[in-house]
Amino acid sequence: MKVSRLETYSTPDVGLVRLTTDSGDEGWGQLSTYNADISAQVFHRQVAPHAVGRDVGDLEVILDEIVEIEFKFPGSYLRRALAGLDTAIWDLRGKLAGVSVCELLGGQPRLYPVYASSMRRDIEPEAEATRLARLQQADGYRAAKFRIGSENGHDRDERPGRTEAIVPAVAGALDPATKLMVDANCGYSSARAIEVGVFLDDAGVTHFEEPCPYWQYEETAAVRQALDARSIQVAGGEQDCDLATWQRMVDTPVFDVVQPDILYVGGLVRAMRVAAMAAEAGLPCLPHSANLSLVTVFTLHMMGAIPNAAGMVEWSIEGEDYYPWQSGIYDPELTVRDGMVDIPNAPGWGVEIRPEWLSGAERTVTALSG
């Protein structure tokens, strides 16, 4: 069964891929969010021409070949485009087999825990604490992540004193058994991150994400080492899309918890390879999935199957006021109840793309000639 046509439907924020085979079967995937219309151009220039005419059973080989053929383009956009091909073929595989992707991977669809993930720094500490407490009461979250420091902040806080204020505010507002998590978004030098890490650990925070600029691996490794005797875990890796770099980070190790993003790293196959590296090193995997597009669907399927899953999936609590583009893409929409979400159990990814969304997107096609 060969790939006969690859279509993208893109907006600046979201890009979907429809793969059609020579037998007329279809699968749906997604390019990475953010500048997805640019990723769609990369897809049709540097991914689709190498994939049309190929057997869909050769996904792993095709992915590796594309990376080698396009070796002068080792950066993020090629991987963000590659993810669209990968995830479309996984959907096709599941539909042909009549099972979910989770089952193809050896897992079982079921209710799976999610953690409430805040994306905001423009919110005051007490307002964030109140918001998270309200959501915990309504939806039953047992873990919550909020933002500290400033994105690429060079040791500056978003506003003076915000970090020192928000940690006790959130801790005091939530159930004492709640797992507390923070994201620094590359905000600190290693020296400052160690100071902040000690403060966080003393306050009961157990997850410290991206403490240092992600490309400064040695800095993050130094933070992990300095905090090793404490309970807090250093996490990261969402931005990294090179598998050789991932192997070096796992071997060092740079993190206590690895966080590949399925769409940033180039698809499910490559994310599973990162998870396998981590498993071999005895490290848990907690992928980045910071919006409610298909990336959260993909991540649920993956986490329902891998042996070193960290036990939760990231769930953005931001609505249409923050991410106006993340809703209305597929049915059925996922919902949180008692802190858990169903891993879709229908064949493939278990969701259907809404025609109304497609009608508002730009369509581009690469197909076999003749």
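What follows is a short tour, grouped by topic.

Keep in mind that this is a predicted model.

**Helix α2 and its partner α3**

- Start with helix α2, which covers residues 59-69, and helix α3, which covers residues 76-97; their axes come within 11 Å and cross at roughly 170 degrees.
- Angles over 145 degrees count as roughly antiparallel, so α2 and α3 are roughly antiparallel to each other.
- On the α2 side, the residues that meet α3 are L59, E60, I62, L63, I66 and V67.
- On the α3 side, the residues they meet are L78, R79, L82, L85, D86, I89, W90 and R93.
- Sort the residues of this α2 and α3 contact by class and you get 10 nonpolar, no polar and four charged.

**Helix α2 and its other partner, α11**

- Helix α11 takes in residues 268-280, and its axis and that of α2 come within 10 Å, crossing at roughly 90 degrees.
- From α2, the contact draws on L59, E60, L63, D64 and V67, while α11 brings V269, R270 and R273.
- By class, the α2 and α11 contact comes out at four nonpolar, no polar and four charged residues.

**Cysteines**

- How many disulfides are there? The count comes to zero.
- Take C102, which is in no disulfide: the nearest cysteine sulfur belongs to C285 and is 14 Å away.
- C102 counts as buried, at 0% relative accessibility.
- For C212, the closest cysteine sulfur is in C186, and at 8.4 Å that is too far for a bond, because a disulfide needs the two sulfur atoms within 2.5 Å.
- C212 is buried as well, with a relative accessible area of 1%.

- Look for T178 in the loop between α6 (162-173) and β6 (179-183).
- Is T178 buried or exposed? With a relative accessible area of 9%, T178 is buried, since the cut-off for buried is under 20%.
- A polar atom of the T178 side chain lies 2.7 Å from the backbone oxygen of D175.
- Leaving aside residues up to four places away in sequence, T178 touches Q136, R142, A143 and A144.

**V250 in helix α9**

- V250 belongs to helix α9, which spans residues 243-251.
- This valine, V250, is buried, with a relative accessible area of 4%.
- Which residues does V250 touch, not counting those up to four places away in sequence? They are V258, M277, A278, A281 and L283.
- V250 and M272 are 22 residues apart in sequence, and their C-alpha atoms are 14 Å apart in space.

**Prolines, including two cis peptide bonds**

- T252 and P253 are joined by a cis peptide bond, with omega at about -10 degrees.
- P253 is in the loop between α9 and β9 (257-258).
- Another cis peptide bond runs from D331 to P332, where omega is near -10 degrees.
- P332 sits in the loop between β11 (330-331) and β12 (340-342).
- P355 is found in helix α13, residues 355-359, and counts as exposed at 56% relative accessibility.
- In sequence, P355 and G328 are 27 residues apart, while in space their C-alpha atoms are 9.8 Å apart.

**Positive phi in residues other than glycine**

- D155 isn't a glycine, yet its phi is positive, near 75 degrees.
- You'll find D155 in the loop between β5 (143-147) and α6, partly exposed with a relative accessible area of 34%.
- N185 is not a glycine either, and its phi is positive too, at about 50 degrees.
- N185 lies in the loop between β6 and α7 (190-202), and at 8% relative accessibility N185 counts as buried.

Technical notes:
Residues numbered from 1 in each chain as written. Predicted model: local features only at pLDDT ≥ 70, side-chain atom pairs only at ≥ 80, totals over all residues. Heavy atoms only, no water. Axes fitted to C-alpha atoms, helices over the stretch in contact; angles between N-to-C directions. Helix = DSSP H or I, 4+ residues; strand = E, 2+ residues; numbered from the N terminus. Parallel < 35°, antiparallel > 145°, perpendicular 65-115°, else oblique. Contact = heavy atoms within 4.5 Å. Nonpolar A, V, L, I, M, F, W, Y, C, P; charged D, E, K, R; others polar. Buried < 20%, exposed > 50% of the residue type's maximum accessible area, 1.4 Å probe, protein only. Polar contact = N/O pair within 3.5 Å; in protein donor to acceptor, adjacent residues only side chain to side chain.
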